[in-house]
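Trainee: I would like to learn how to read a protein model. Please show me one.

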Amino acid sequence: MEQSQPQQRRVADQVFQESLDQLEDILQESSIEDEEIPQAQLHTNSLSEVELDQDLTNIDLAALEDAVADIEQYLEEITKTEEKF
């Protein structure tokens, strides 16, 4: 026999509420895990950022100047092309 529409809605509502409860549990577990990050790991992340900053300061100045020159040339060509129209 087919279930009546109100009964189907109650069942669907119950399933939906159970899904919401499961999602809430998952989110709570996730937030607890985020809070449990050891301080040593946070310190390691800071070191990685420092190393990244040091890598960025070791940029080849000649290569950077060449890149700037290429960009300037490109912009000049675009400007000349636009002036023709």
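Trainee: In what order do the elements of the protein chain run from the N terminus on?

Mentor: Start with an overview. This model is predicted, and its elements run α-α-α from the N terminus. The protein chain has three helices and zero strands.

Trainee: Which of the elements has the lowest mean pLDDT, and which the highest?

Mentor: Where pLDDT is low, the predicted coordinates should not be read in detail. Here helix H2 (residues 39-57) has the lowest mean, 61, and helix H3 (residues 61-84) has the highest, 87. The average over the protein chain is 77, and 67% of the residues score at least 70.

Trainee: What share of the residues count as buried?

Mentor: A residue is called buried when its relative accessible area is under 20%. Of the 85 residues in this protein chain, 0% count as buried. The accessible surface comes to about 8300 Å², and carbon and sulfur atoms account for 53% of that.

Trainee: Which residues form a nonpolar patch on the surface?

Mentor: Phe16, Leu20, Leu23 and Leu27 do, with about 390 Å² of accessible area together. Take Leu23, which sits in helix H1 (residues 5-35). Leu23 counts as partly exposed because its relative accessibility is 45%, and the range for that term runs between 20% and 50%.

Trainee: Which residues form the negative surface patch?

Mentor: Glu18, Asp21, Glu24, Asp25 and Glu29 form that patch. One of them, Glu24, is placed in helix H1. The relative accessible area of Glu24 is 43%, so Glu24 is partly exposed.

Terms used. Residues are numbered from 1 along each chain as its sequence is written. This is a predicted model: local features need pLDDT of at least 70, side-chain atom pairs count only at pLDDT 80 or more; totals for chains, interfaces and linings use all residues. Side-chain values use heavy atoms; hydrogens and water are left out. Patches are made of residues with over 30% relative accessible area and no salt bridge: like charges are joined within 9 Å, nonpolar side chains (Val, Leu, Ile, Met, Phe, Trp, Tyr) within 5 Å. Accessible areas come from the Shrake-Rupley method with a 1.4 Å probe; for residues, only the protein chains shown count as cover. A salt bridge is a side-chain nitrogen of Lys or Arg within 4 Å of a carboxyl oxygen of Asp or Glu. Helices (H or I, at least four residues) and strands (E, at least two) are DSSP runs, numbered from the N terminus. Buried means under 20% relative accessible area, exposed over 50%, partly exposed in between (1.4 Å probe, protein chains only). pLDDT is the predictor's confidence in each residue, from 0 to 100. Lys and Arg count as positive and Asp and Glu as negative; His and the chain ends are not counted. The place of a charge is taken as NZ of Lys, CZ of Arg, CG of Asp or CD of Glu.
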